[in-house]
2 protein chains.
Amino acid sequence: MQCELCAEQLAGTVFENEELRVILVDDAKFPGFCRVIWRAHVKEMSDLSAAQRGRFMDVVFAVESVQKTVLCPDKINLASLGNVVPHLHWHVIPRYVDDAFFPQPIWGQEQRDASLVTAQRAALLPEFTLALQSALKQI
Amino acid sequence: MQCELCAEQLAGTVFENEELRVILVDDAKFPGFCRVIWRAHVKEMSDLSAAQRGRFMDVVFAVESVQKTVLCPDKINLASLGNVVPHLHWHVIPRYVDDAFFPQPIWGQEQRDASLVTAQRAALLPEFTLALQSALKQI
């Protein structure tokens with residue numbers, strides 16, 4: 001089976017370099033949700049060299065930092081799971097106390113309808129995307 | 001409210017230094033599940049300095065590496081969520097295709113009764129704990 005994260009083009013790509021790609025996930029419930037995806041088909045962080053891990057995490061933390069500054073979430077969730085797609089990728093998710101799942105992880109039980117407040121937050125996405133691209137170019 | 005991760009003593013502590021603690025989580029469904037907990041009450045990874053983040057992640061990845069070597073999981077899940085307890089901590093979770101929740105995250109829907117195979121895996125915990133302590137002392 002073809003690995004979907006090995007694809008030449010990934011929808012929502014906002015930044016890429018030789019090692020990794022950053023995508024803005026199209027998820028109406030979590031505006032600003034990003035994935036940082038290692039380009040090579042590697043399964044675990046400990047399969048990378050220390051230098052590769054360091055560069056990978058620098059980008060993950062840069063995404064977090066821009067989310068914090070531009071989107072002002074109540075918490076940021078970071079996760080590298082890969083049970084379904086065992087190709088290294090990090091989820092970087094801005095969370096709000098009134099979002100659809102809080103305080104559950106986004107993989108837990110939905111808690112409430114948050115569509116109105118979430119749509120308002122999505123208005124920040126153009127500004128967020130520009131800030132993200134600007135920050136990542138400087139790494 | 002007192003933060004539970006600020007406590008002087010944490011159950012299951014297998015390693016600690018001035019900055020962080022590593023605990024073996026008492027979770028019958030996920031033998032080998034560890035948490036790496038920053039000692040100071042800090043909310044986000046981007047609130048730490050780059051050097052602090054680097055040392056924190058070095059320990060997270062060392063835990064992953066020992067899990068991989070001793071426990072031979074099918075996948076390892078890493079997550080820093082903190083929606084309930086906003087005090088930086090990483091979950092490092094060995095996952096198996098026949099565990100109770102796979103391929104769901106451990107916060108998702110339970111998939112099956114895996115008590116028998118999980119109990120067998122728990123027999124490796126003494127060996128795992130020794131290997132983990134040995135690896136972490138060398139960081």
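Predicted model: local features only at pLDDT ≥ 70, side-chain atom pairs only at ≥ 80, totals over all residues.
How many residue pairs are in polar contact across the interface of chain B and chain A? The rule finds 26 of them, with both residues at pLDDT 80 or more. A polar contact here is a pair of N or O atoms within 3.5 Å; within protein, one must be able to donate a hydrogen and the other to accept it, and residues adjacent in sequence count only if both atoms are side-chain atoms.

Residues are numbered from 1 along each chain as its sequence is written, chains are lettered from A and ligands numbered from 1 in the order in which they are written, and side-chain values use heavy atoms, leaving out hydrogens and water.

**View 1. Here chain B meets chain A.** On each side 32 residues are in contact with the other chain, contact meaning heavy atoms within 4.5 Å. Together the chains bury about 2700 Å², 53% of it on carbon and sulfur atoms. Buried area is the accessible area (1.4 Å probe) that two parts lose on being put together, summed over both. Phe61(B), Lys75(B) and Asn83(B) supply 23% of the area that chain B buries against chain A, more than any other three residues.

**View 2. Salt bridges cross the interface.** Four salt bridges are found between chain B and chain A, each a side-chain nitrogen of Lys or Arg within 4 Å of a carboxyl oxygen of Asp or Glu. In one pair, Lys68(A) meets Asp47(B), with the closest N and O atoms 2.6 Å apart. In another, Lys75(B) meets Glu44(A), and the closest N and O atoms are 2.7 Å apart. Lys75(B) sits in strand S4 of chain B and Glu44(A) in the loop between S3 and H1 of chain A, so this pair joins two chains. Helices (H or I, at least four residues) and strands (E, at least two) are DSSP runs, numbered from the N terminus.

View 3. Follow its ten strands in the order S1(A)-S2(A)-S3(A)-S5(A)-S4(A)-S4(B)-S5(B)-S3(B)-S2(B)-S1(B), with antiparallel pairing. Its edge strands are S1 of chain A and S1 (13–16) of chain B, each pairing on one side only. From one strand to the next, the twist averages 15 degrees. Where the chains join, S4(A) and S4(B) pair over three bridges, and Ala79(A) stands opposite Ala79(B). Two strands pair if DSSP finds at least two bridges between them.

View 4. S1(A) and S2(A) form a hairpin with three residues between them. Ile23(A) in S2(A) is the bridge partner of Thr13(A). In S3(A), the bridge partner of Ile23(A) is Arg35(A), and five bridges join S2(A) to S3(A).

View 5. The peptide bond from Phe102(A) to Pro103(A) is cis, with omega near 0 degrees, and Pro103(A) is in the loop between S5 and helix H2 (115–122) of chain A. In chain B, a cis peptide bond joins Phe102(B) and Pro103(B). Cys72(A), in the loop between H1 and S4 of chain A, has a phi near 50 degrees, a positive value in a residue other than glycine.

Notes: Axes fitted to C-alpha atoms, helices over the stretch in contact; angles between N-to-C directions.
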